[in-house]
Amino acid sequence: MLAEISEFLRTLLAPYDVLTVLQDLAARVQELLDLHGAGVSLTRDGTLEFITAVPASLAELEKEQRDGPGGPCVEAFRTGEVVAIDDIAAVTDRWPRYCSLATGSGITSVAGIPMKVEERTIGALNLYSAERREWSRQDLTIATLFADAASVYLINSTDHAHQRRLNDQLQEAFRSRVVIEQAKGIIAQTHDIDVEEAFQRIRRHARAQHTSLHAVSDAIVNLRMRL
């Protein structure tokens, strides 16, 4: 078991995309715990959205939790706690449509594992067994370890992407400032005015043309436009 977890952790160090990681998560947990299948849903704007399932036929069961009154996966996401159902027939009063669909799909036992880091919950991993299964502490611990590893990867990836976008925006702002300063100097020299008046000319022109300061300044610097 440790070897499988170690291998999964190593894959997270590679430049995989999010979908590949989540498909790998579902497939590895299915195989390691000898399950009928596994699925993953992630939050978007506070609502769980189905991402992937192994086998693919479980997609409808995953989506039902999102569209219906809920299910183990949704409850695990909302509470941040593991929700283990040994016999789906025993909880038909809680999720009648979900339980009916699960039974019709040959599922007897299910478990929802929250995907979270500290208090931040980003989704849930669902476990499906075709045979009645009393979920052991070992089963749930293994699934939680995989879910936690994937959660850390996803949160770090999201934060990294956000930081990269911010850095790009800051870099673009810096480039724009440099061009604007150059344009101010050119207009000031051309009309023998101070740089503040030159800036006002550039700004008035940008407003009149419904364009940006950077676009006007770039035209002054690189296209020799004069106001």
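**Notebook: aromatic pair, cores and overall fold**

I note here that the model is a predicted one.

I then searched the whole structure for aromatic pairs, and the search returned one. Trp 95 and Tyr 98 form this pair, with 6.4 Å from centre to centre and 90° between the planes. I recorded the arrangement as edge-to-face, because the angle of 90° falls in the class of over 60 degrees.

Next I turned to the nonpolar cores. Which residues touch the most other members of the largest core? I listed Leu 25, Val 29, Val 40, Met 115, Leu 125 and Leu 127, out of 26 residues in that core. I traced the elements that give two or more residues to it: the helices α2 (18-32) and α6 (137-191), and the strands β1 (37-44), β4 (109-117) and β5 (120-129). The largest share, nine residues, comes from α6. I also found a second, separate core of 15 residues, with Ala 76, Val 91, Cys 99 and Ala 102 among them.

For the fold, I counted eight helices and five strands in the protein. Along the sequence I read the pattern α-α-β-β-α-α-β-α-β-β-α-α-α.

Finally, I noted values for the protein as a whole. It has 227 residues, of which 41% count as buried. Among contacts with a separation of 6 or more, I found that 58% are between residues 24 or more positions apart. The protein exposes about 12600 Å², and carbon and sulfur atoms supply 50% of that area.

Key
Residues numbered from 1 in each chain as written. Predicted model: local features only at pLDDT ≥ 70, side-chain atom pairs only at ≥ 80, totals over all residues. Heavy atoms only, no water. Phe/Tyr/Trp six-rings, centres within 6.5 Å; stacked < 30°, edge-to-face > 60°. Core = buried A, V, L, I, M, F, W, Y, C linked by side-chain atoms within 4.5 Å. Buried < 20%, exposed > 50% of the residue type's maximum accessible area, 1.4 Å probe, protein only. Helix = DSSP H or I, 4+ residues; strand = E, 2+ residues; numbered from the N terminus. Contact = heavy atoms within 4.5 Å. Areas by Shrake-Rupley, 256 points an atom, 1.4 Å probe, with all protein chains shown as cover.
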